[in-house]
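Trainee: I would like to go through this model one feature at a time. Please put the sequence and the structure up.

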Amino acid sequence: MKSKGSTFWPLYMALSAIVGVWLGIFISENNVSTQKGFTFSENRLSKLQRILALIENNYVEHVNVDSLMDYAINDILHRLDPHSSFIDSAHSGDVEEEITGRYYGAGIEFTMVNDTAVVLSVFPGSPAAGAAVKAGDKLLTIDGENLTEAPYAGELQKIIALIRNPKRDKIQLTLLRENSKITKTLEKEWIAVPSVNEGFYLPGGIAVMGIERFAENTYQNFLREAKKLRIDTAKGVILDLRDNPGGLMIEAVRVTREFLSANDTVVIVEDRSKAREAVKALSDGRFRKLPLVVLVNEGSASAAEVLAGAIQDNSRGLIAGSPTFGKGLVQEESLLPDGSRVRITTARYFTPSGRSIQSPYLPEIHEQKGGDRKIHTSKNGKTLMERGGIQPDINLKYKELHHFAHSMQYMINPSEKMFEYVSENGDSWKNKGFERFLKDFNPTFEEALQLMGLRRNASTEASSQEMKDFSILHVKATLAYMIFGPQAGKKVIKMHDPIVLTVAEQLRSQLSKERVN
């Protein structure tokens, strides 16, 4: 049985609708009118002001002119290109957190079960972890506000907003644990949301690393994880950029340089005058000789595409998966006096061979100039077609069942039986450690069904072995997520991901052939 409602994916998932796909942010002065080269016709400004004044004073109903202005700005920017955008002051702070990769809170992730907020996972080292908040705890009140009644019952986002209220440095929680009420007082802190996943090794010395997005300190976190894994001794590396929406270009450039040689081009930037500037590797990267495969999909965008394009064009490694999103426009960000932000496209990104990363705009909205797709070549002479985004060297897609079973939304979805299991066994597994859990927790299909809250019947008996394996993996990944934290659950999924395993096998085969030759 699956939990009802939705799960709070901290910060970066919750804000994806606001932030969209972004890359290469440059911050301008607060006073837009004083920016160098800024000009605007007084007639145009007067026209806009007059229209708004007419609406405010004469329209048949009272309207919020400020909100109307926001809608108008959004529409104007959307007509420029898909990525120029306006972020209102209410969400401006959220975007700042997206860039920095941290948020001010308690370090708790929730899900909704029967309209009740239940702790799904606790970030290691967070205030919630220090106060011994546990997965499965039900939230009854926050600072005296009853969460089981309107307006909070079943409203996950309202509960999150209550906890993350910037005016409160401390919060008091009333929790229900095993039919007993307990009170916890938490002092909020800045919680870092990892942008680099925990790596691991597959047979044959293949190291697997993943980057979820490029935020501040992604490069340093990448080096830290690489050192922990000792990937300089690996036989090959799989770098997973699937569903990485992009982020800060400088962080992507720094990571990319570690896989390139001195003077290799990372990316080409073209401004409005069509002048181009190549961003290059300043020195030999420490991992430049490691056999490399970069995993991408349609969710890989902007900064992730810059990295993948640099690897492909420099013939430094292979790209595997499915074609990427195709976002190669650079936005410059201006902060407005009311705290809102405007992001306007000021340049384009091209891969080292000159391919445009940007996919065509929607023809009914954007005037997209173009023609026949250009042909480019990589450093070793391989033909590369310009189609928008990055086209993989190895095309790999999930089977329908694989795609369903390996999505985070499906895999990390606890049942009430799983909450009961964690309540009874979570502390014991924590004491034994995650590596022991990986090795020793191997439920049978029947045990997995029980933990999912299902009974064995004719339908489950008819399940394919593949579906049985996925059910077991679902249980193991969810329990790891709940007991050891989000990184642990994601690691369990990735260790059994059929695309990762397929790429690892191909990489091992390639290395074996090279040794023979």
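Trainee: In which loop is the place of Pro151?

Mentor: First, this is a predicted model, in which local features need pLDDT of at least 70 and side-chain atom pairs count only at pLDDT 80 or more, while totals for chains, interfaces and linings use all residues. Residues are numbered from 1 along each chain as its sequence is written, and side-chain values use heavy atoms, with hydrogens and water left out. Helices (H or I, at least four residues) and strands (E, at least two) are DSSP runs, numbered from the N terminus. On that numbering, Pro151 is in the loop between strand 7 and helix 6.

Trainee: Is the peptide bond from Ala150 to Pro151 cis or trans?

Mentor: Most peptide bonds are trans. The bond from Ala150 to Pro151 has omega near 10 degrees, and is cis.

Trainee: Which residue has a positive phi although it is not a glycine?

Mentor: Most residues other than glycine have a negative phi. The residue in question lies in the loop between helix 7 (218-229) and strand 13. With a phi of about 55 degrees, it is Arg230.

Trainee: In what order do the six strands form the open sheet?

Mentor: Two strands pair if DSSP finds at least two bridges between them. The pairing in this open sheet is mixed, and the order is 11-12-13-16-17-22.

Trainee: Which strands stand at the edges?

Mentor: An edge strand here has a single partner strand, so one side of each is left without a neighbour in the sheet. The two are strand 11 (200-202) and strand 22 (394-395).

Trainee: In strand 16, what is the bridge partner of Val237?

Mentor: Strand 13 (residues 236-240) and strand 16 (residues 292-296) pair in the parallel sense over four bridges. The bridge partner of Val237 in strand 16 is Leu292.

Trainee: What angle does the direction of helix 9 make with that of strand 16?

Mentor: Helix 9 (residues 303-313) packs on the sheet and touches strand 13, strand 16 and strand 17 (318-321); contact means heavy atoms within 4.5 Å. Axes are lines fitted to C-alpha atoms, for helices over the stretch in contact, and angles run from 0 to 180 degrees between N-to-C directions. The angle with strand 16 is about 140 degrees.

Trainee: Is helix 8 roughly parallel or oblique to helix 9?

Mentor: Helix 8 (residues 249-257) packs against helix 9 at about 25 degrees, with the axes 9 Å apart. Angles under 35 degrees count as roughly parallel, over 145 as roughly antiparallel, 65 to 115 as roughly perpendicular and the rest as oblique. Helix 8 is therefore, relative to helix 9, roughly parallel.

Trainee: And how does helix 12 stand to helix 16, roughly parallel or oblique?

Mentor: Helix 12 (residues 416-432) and helix 16 (residues 465-484) have axes 10 Å apart and pack at about 60 degrees. By that angle, helix 12 is therefore, relative to helix 16, oblique.

Trainee: Which side chain meets that of Arg168 in a salt bridge?

Mentor: A salt bridge is a side-chain nitrogen of Lys or Arg within 4 Å of a carboxyl oxygen of Asp or Glu. The pair links distant parts of the chain, 25 residues apart, with Arg168 in the loop between helix 6 (156-163) and strand 8 (170-177). At 3.0 Å, N to O, the partner is Asp143.

Trainee: How many salt bridges does the count come to?

Mentor: By the rule just given, the count is 23.
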